[in-house]
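Trainee: I would like to go through this assembly chain by chain. Can we keep to contacts, salt bridges and cavities?

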6 protein chains.
Amino acid sequence: MSENIRLDGRTCDQLRTITFEPGIAPNATGSVLVSFGNTRVICGATIEKRVPGWMNAQGVEGGWITAEYSMLPYSTHDRKQRDSSKGRVDGRTVEIQRLIGRSMRAALDLKKMPGMTLWIDCDVLQADGGTRTASITGASVAAKIAINRLLADGVLKQNPMEKSVAAVSVGVWQGLEVLDLPYVEDRDADVDFNVVMTSEGEFVEVQGTGEEATFTHAQLDRLLALAKKGIGEISTLQLAALS
Amino acid sequence: MSENIRLDGRTCDQLRTITFEPGIAPNATGSVLVSFGNTRVICGATIEKRVPGWMNAQGVEGGWITAEYSMLPYSTHDRKQRDSSKGRVDGRTVEIQRLIGRSMRAALDLKKMPGMTLWIDCDVLQADGGTRTASITGASVAAKIAINRLLADGVLKQNPMEKSVAAVSVGVWQGLEVLDLPYVEDRDADVDFNVVMTSEGEFVEVQGTGEEATFTHAQLDRLLALAKKGIGEISTLQLAALS
Amino acid sequence: MSENIRLDGRTCDQLRTITFEPGIAPNATGSVLVSFGNTRVICGATIEKRVPGWMNAQGVEGGWITAEYSMLPYSTHDRKQRDSSKGRVDGRTVEIQRLIGRSMRAALDLKKMPGMTLWIDCDVLQADGGTRTASITGASVAAKIAINRLLADGVLKQNPMEKSVAAVSVGVWQGLEVLDLPYVEDRDADVDFNVVMTSEGEFVEVQGTGEEATFTHAQLDRLLALAKKGIGEISTLQLAALS
Amino acid sequence: MSENIRLDGRTCDQLRTITFEPGIAPNATGSVLVSFGNTRVICGATIEKRVPGWMNAQGVEGGWITAEYSMLPYSTHDRKQRDSSKGRVDGRTVEIQRLIGRSMRAALDLKKMPGMTLWIDCDVLQADGGTRTASITGASVAAKIAINRLLADGVLKQNPMEKSVAAVSVGVWQGLEVLDLPYVEDRDADVDFNVVMTSEGEFVEVQGTGEEATFTHAQLDRLLALAKKGIGEISTLQLAALS
Amino acid sequence: MSENIRLDGRTCDQLRTITFEPGIAPNATGSVLVSFGNTRVICGATIEKRVPGWMNAQGVEGGWITAEYSMLPYSTHDRKQRDSSKGRVDGRTVEIQRLIGRSMRAALDLKKMPGMTLWIDCDVLQADGGTRTASITGASVAAKIAINRLLADGVLKQNPMEKSVAAVSVGVWQGLEVLDLPYVEDRDADVDFNVVMTSEGEFVEVQGTGEEATFTHAQLDRLLALAKKGIGEISTLQLAALS
Amino acid sequence: MSENIRLDGRTCDQLRTITFEPGIAPNATGSVLVSFGNTRVICGATIEKRVPGWMNAQGVEGGWITAEYSMLPYSTHDRKQRDSSKGRVDGRTVEIQRLIGRSMRAALDLKKMPGMTLWIDCDVLQADGGTRTASITGASVAAKIAINRLLADGVLKQNPMEKSVAAVSVGVWQGLEVLDLPYVEDRDADVDFNVVMTSEGEFVEVQGTGEEATFTHAQLDRLLALAKKGIGEISTLQLAALS
C-alpha cells in the first residue's frame, strides 16, 4: 500500500490521533473523554450497590454490567433527535449497547464484584465514524479507573479486571484495506468490520458486514491482521492513560 | 474429531435435518416453513407497492426491504411474553431483525424493484437454537418464491434476486468446533459464530462472539471453514425447495 | 332458502370445511392448527405455574386464564402491521382477546387449577372471515390437549374442563340468513352475530351488531337457531380431533 | 314477578330515575349530564371540520364519528387511575368506546355530514353500574343538540340524525330477570346483557354474556323483551329532554 | 386606573364571579365544582390508604399528596385531544400538576396524615383562562371537605389542614395591570403572573413570565399587591363555601 | 450579613466561580461548557432549516426555538436513569425545558430568523445545584456563538439576538438570604427562587416557591435584589466569553 492516499493523509494502516482525558465527569466513579481523531465520546463508569432483580430471584452470584450508548443531539452536523423525545431507543443504538456490554464482560470477572452493577455510559460528543469502537476503548479505561478507586477504598476485595479491551474498525474503501475509518470512508466502505480484542491479543468480538457487497475469506484474514496491529497500539495508549 | 460425540448423535461437521414447506401462509406473496431440526420458523415475504417516505423525500430510487422477527409465545418451553404486551421490542429481537435485513440486501438488487417494499417476516413456531440462521435461510426461499410470482405476473420487469443467501451457526462447545448448534449446545458454547453467505460462496456477514471467553485467529479460520461447508449444503437444499 | 346460492357454493346453513391439526407447536403444552375453510389459526395453550399478583394480594383461590390474539403480518392480502411495531394493541384485537378469555372461562372450573395460569394464544396464519370464532373453537381443543397432558402427568389432580366451547358467526347477507361467513360475505353483511356455546348446548356469549343497519327480534331468533345447528356440528368435530 | 324485592326497592321491570341536564359543558357543540340513578355521565358532542386522513386517501365521502369514554378518577369509591397516567387505554374502555361508536353510527347518516367528524366524549362523573348504557343514551341526546345547532347555523344542510338510540342493561340476578342493574346487582349477576335500540324499536346491538354461567334461548328472549320495555321509556325521556 | 375598560366590563382590580358547588362527585371523599367566570373545574379529593413505595423504602413517615390536572376534550371550542389518546401527558399539563401539588403541600401538614395519600384531581369542564388558579382554589376546598369528613369519621386523628390556599392570575394587558385574566386577555398579555397564597396572607408560589417581553421590579411589586387583594377576597369565598 | 459563613466559604451575596469553555462540541453551530462551581453543563445550539409543521399550516412567519434538557447518567453521585430507558421524560425535566425555551425567546426576535429552528440542548455533565440557571446562562452564550457564525456566513441577514439572558438561583437557607445555591444549600432551603434577566437588567422570569414554607413580600424584594446583583456579574462574564 502506498502512503498518504487517504483523504486525511494517513497511510492505510495508520490510526487517527487517539487521546484520553480522565476525570471528565467527576461524579462518576470513573470517567474519560476519549478521542479517535474528531470522534469524541464521554465514557462514565458508575457503581450501583445492587444487582438486577432476576439475579436475586434465580440465585445467580456475582455482579452485573450494563452499557448504555447515546449520541448527543449536537454530535452530528444535522441535529440528531434524542431517543427520549422519540420515545424509543433505535435499533442501531440497541445493537451498539449490546456490543459494548458483551465486550466489557470479556474483560471483567463478574464473580469478583458480588452484589454490584457496573454501569457503563457512552455519550458521543462529536461523531466522525467509529463511535462504537471509541466507546468500547474508552469504556475500558473508565471502568479500570472506577475499579482502581473501589479497590483503594476497600469496596472491592479482589480485582475483577485483570485485562483491558480495545476496539477498532477496519474496512475496504475504494479497494483499499484501511484501519480506523472516519465518517467519509465509513459511508462509502464496501466491507465494514468492527473488531474487539483484549490487551492480551485475543479476539472478543468480530463483526463483519458486506454493505451491499460481499467479501472473501482471504480479505477477512488481512482485515483482522490490520485490526490486530491497530488494537495493539491502542492498548499501549490505554495503559499510558491509566498511569 | 471423532464421530457421534454430540448429544444428538451428530458428527461435529453435520447439519441437523433441514426441510422447507413452501406455501404455509397462502396470503403472503411467498412463504415457507423452514426447519433446522426442532427449530421451525414461518417465513413470509409480502410486497407493498410503496417505499418509505424518506426515500421519496430524498429522491432515492429503487425499492426497499424490511425484516421483522418474532418468537411466538408458545415457541419456547416457558411461554415467551409478546413484544406487543411488553409495549416494546427487546434488544435481541432488534439485533436479529437488522441482521436478517442486511443479509437479504446482499441478495437483492433493490434498483430492480422500483417503488416496492419487500417485507420479510420471520415468526418462530418452535425454538431450539439457531432461530436467526434458520430465519435468514427461510427468508431467502420465501423472497425468491415471491419474486418468481411477481416476475410471472409482470409486476417486476427484471429479476432483482440473482443469488440466494443462507446462514448457519458454528461454535466451540466443550472444546469441540461444531456446526449448527441446537439450544443445549448454544447455551454452553464458549465461542459462538453466525455466518451468512451467498449461494456463490461469498461472505455476507460474520458475527463472532466470545461468550465470557475469547478466541484466536486460527480458531476463527477453522470455524469459518466449517460454516462454509454447512452453508454449501444448505444452498443446495434451498435450490431443491424452489424447484 | 334455496341451495347453492352462496359465492362458494354452500347452502345457507352449511359450515365451511373445518379441520384440526393437533401438535402444530410442540413446545406448547397443547396446540392445534384449526381451519374454517381458508381461515387458519394456530392455537397454543401453555401453563405457567403462578397466578397474577392481584390474586395473591386479594387472597383469591384457584387458577387464572388469559387469552391473546394476533394476526400474523402475512395473514392478509395487504400486509398487516405488527402490534409491536405500532407500539400498541388495536381496539379490535383487545375486543377479541377479551371474548376468547370469557368464552374459555365458561368451559373451565378455575378452582380446579390452583396456582396456575392457562395462557391461550391464537395467531392467525390466514384470514378469511371468522377468525375470532375459529380462535375460540381451536382454543378449546388446545386447552383440552394441555389439560389432558397435565392430568396424565399428575400436575392437575382434578379435571377443570368438563365441557368444551365452540363458536360460529351467523349473519344477514344480501337478505339471506347465512352460517359461517367468509370475508366476502362478512364485509357486506347487514347484521353480524358471533355466537359461543358449550358442548352441552348452552349459550355463553351472543354478540349481535347491525352494521349501519338494525335487526328485529324475529331475525335474531332465526339467526341463533342457525348458529346452534352449526355449533352442534363443530362440537362433534372437536371431539373427534381430541380422540 | 313480585314487587319491591330488589335492594333499592324497585320492581324487576322498573328503571332507575333517569334525568338529563343539557348544556353542562357550554364549549361543546352539544352536551348533557345524564343520570341513571347514581350513575352520572357527562356527554359532549363536538364537531371538527375535517375527516380522518384515510377517508381522504381512499376517497370515502361523507363524515365520520368517533367516541371516547373515560371514568373520572373520583367516579368510583376507590380512586380509578387515569389512562393517561397508565400510558395506555385499558381493554374494557376500548370495548365501550367501540360500542358507543357503533351505536351512534346506527342513528346517523354520515353521508349527510360531508367533511365533518362528530366527536362523542363520555366522562363518568359517578359510577354505579350501567355506565356504558347511560353513555350511549346521553351521547344520543348530546349529538342531537349539536346537530340541531349545526342545522340552525346552516353548517349542516341536511339532518343526518332522523332517529335516536338508547341503551339499557338487563340480567339475571339471584334468579330474577331484572332491568337496569346498579353496581351491586351487576357485580353478582349470572347473565349480563347490554341492549341498544333505536327510537323506532329496532335492535342495534345485543351483547349477552354468561359470567361464569350460561343461558338458554328462552331466557334470552325474555331478557330482550324486558330491555325493549325499558328502552321505550328511555326514548320518551330523551325526546322530552330535547324539547 | 379608570373603571369599566376591560372587555367584560370589569375594573382592573375586579375578580370574575367566583362560585363553589360542593359535592359534584359524590363518590370522592370531597369534591367541588369551582367557577371563575366561565372557567369551570371539577375538583375531587380522594384518600388512598397507602403511601408511595419509596416512602416505605426510605422510611419516610407521614402521608403524601399527588395532584393530577386534565382538560376535558369539550372544555375548549376546538376539541382538545385526550392525553390518553396521545399516549403522553403534555408539558403544560405536567407543569400545572406540579404547581397544584406544591401549592397544596403548603396548606397541609403531611405528618398528620400517616399512611395516607391524598389525591387531588382537577378536570376542566369549561376553559376561559385561569384554569390553573381556579384548580388550586377549588382543590383547597375539595381537600378541606375531604379532611373534615375523615376527621368526623375518626380516620384522621389530627387536622392536617389548618389553613387554605388560593390562587389568582395577574398580568399586564394593553398596558393595564389587571386581575384574574380571562382567555382573551391572557392570550394577549405581555406579562403573566400566577400567584398562590395561604389564607394567612403569605406567599406560597410566585410565577411571573414576560411573554416575549420583560418586566421591571416596580411592575412586579404592583402586580403582587393586586394579586394579594384578589386572593384575600377569594379566601373569604372559600370559607363561606365550606360552612 | 457576616462573611464566610456558608459551607463553601462564600459570602451570602457571592457567586460560585463561573467559567465558559466555548467550542466543546464542534459539530454544533455554537456550543459551550458552562460551569457554576461544580455544576457543569454542555450547551449546544444547532440550526435546522425548517420550522414546525403547525407554523406552515397556520401561516405563522419567522423562526422557532426549542430547548431540551437532560442530566447525563453520571452527573449525579447515584447514577440517574436515562429518560430514554424510562420511556418518558419526567416532570422536572419538562418544566426546565419549558423554562429554558421561554427564557431564550425573551432574547431572540424570531421574526429575524425566517424558516429556521434554533435547537438549544443542555446536557448536565456534573450536577451540584443550579443546573437550570447554568443551562439558561450557557444556552445564551451558545446561541450567540451560533448566531454570530450564521451572520458571518450570510445565512442570517439580520441579528435576531440583540441582548443576552442569564439566570441565577437565590433562596433562604438557615435563615440567610443567599445567592447561587449549591446542592447542599438547595436541598435544605425554605424558599427557592430562580430568576432570569436580560443583559439590559429587565426581568424575564421569576419563579419563587416556598418549599413546605411560605415567604413575605419583603423577603421576595430582597431576594430579587440579590439575584439582580448576581446576574449583573454573570452578564459581564458572558460578554467576556464571547469576545
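This is a predicted model: local features need pLDDT of at least 70, side-chain atom pairs count only at pLDDT 80 or more; totals for chains, interfaces and linings use all residues.

Trainee: How much area do chain F and chain A bury between them?
Mentor: The contact takes in 30 residues of chain F and 30 residues of chain A. Of the buried area, 51% is on carbon and sulfur atoms. The total that chain F and chain A bury between them is about 2,700 Å².

Trainee: Which element gives the largest share of the side of chain F that touches chain A?
Mentor: Four elements of chain F each supply at least two residues to that side: β3 (39–48), β4 (64–71), α2 (83–86) and β5 (117–126). By class, the side has 13 nonpolar, ten polar and seven charged residues. The largest share is six residues, and it comes from β5(F).

Trainee: Turning to chain D and chain C, how much area do they bury between them?
Mentor: Each chain brings 24 residues to the contact. In chain D, the residues that lose the most area to chain C are E95(D), F203(D) and H217(D), together 23% of what that side buries. Carbon and sulfur atoms hold 54% of the buried area, and the total is about 2,500 Å².

Trainee: Which element gives the most to the side of chain D that touches chain C?
Mentor: Polar contacts across this interface join 14 residue pairs, both residues at pLDDT 80 or more. On the chain D side, α3 (91–107), β9 (203–210) and α6 (217–242) each supply at least two residues. With eight residues, the element that gives the most is β9(D).

Trainee: How many salt bridges are counted between chain D and chain C?
Mentor: E95(C) pairs with R102(D), with their closest N and O atoms 3.7 Å apart. That lies within the 4 Å cut-off for a salt bridge. The count between chain D and chain C is four.

Trainee: How far apart in sequence are the parts that D180(A) and R16(A) tie together?
Mentor: D180(A) and R16(A) form a salt bridge, with the closest N and O atoms 3.1 Å apart. D180(A) is in the loop between β7 (176–179) and α5 (183–188) of chain A, whereas R16(A) is in the segment before β1 (18–22), so the parts they tie together are separated in sequence by 164 residues.

Trainee: Which helix supplies the largest share of the lining of the largest cavity?
Mentor: The search of the whole structure finds five cavities of 30 Å³ or more, and the largest holds about 50 Å³ of space. Its lining consists of E95(A), Q207(A), E95(B), L99(B), R102(B), R132(B) and Q207(B), which divide into one nonpolar, two polar and four charged residues. Three of the lining residues come from one helix of chain B, residues 91–107, namely α3.

Notes
Residues are numbered from 1 along each chain as its sequence is written. Chains are lettered from A and ligands numbered from 1 in the order in which they are written. Side-chain values use heavy atoms; hydrogens and water are left out. On a 1 Å grid over the protein atoms alone, a cavity is a set of points where a 1.4 Å probe fits but cannot get out, and a pocket is an open set with protein on both sides within 12 Å along at least five of seven lines; lining residues have an atom within 4 Å of a point. Grid points are joined across faces, edges and corners, and a volume is the space filled by probe spheres set on the points. Ala, Val, Leu, Ile, Met, Phe, Trp, Tyr, Cys and Pro count as nonpolar, Asp, Glu, Lys and Arg as charged, and the others, Gly among them, as polar. Contact means heavy atoms within 4.5 Å. Buried area is the accessible area (1.4 Å probe) that two parts lose on being put together, summed over both. A salt bridge is a side-chain nitrogen of Lys or Arg within 4 Å of a carboxyl oxygen of Asp or Glu. A polar contact is a pair of N or O atoms within 3.5 Å; within protein, one must be able to donate a hydrogen and the other to accept it, and residues adjacent in sequence count only if both atoms are side-chain atoms.
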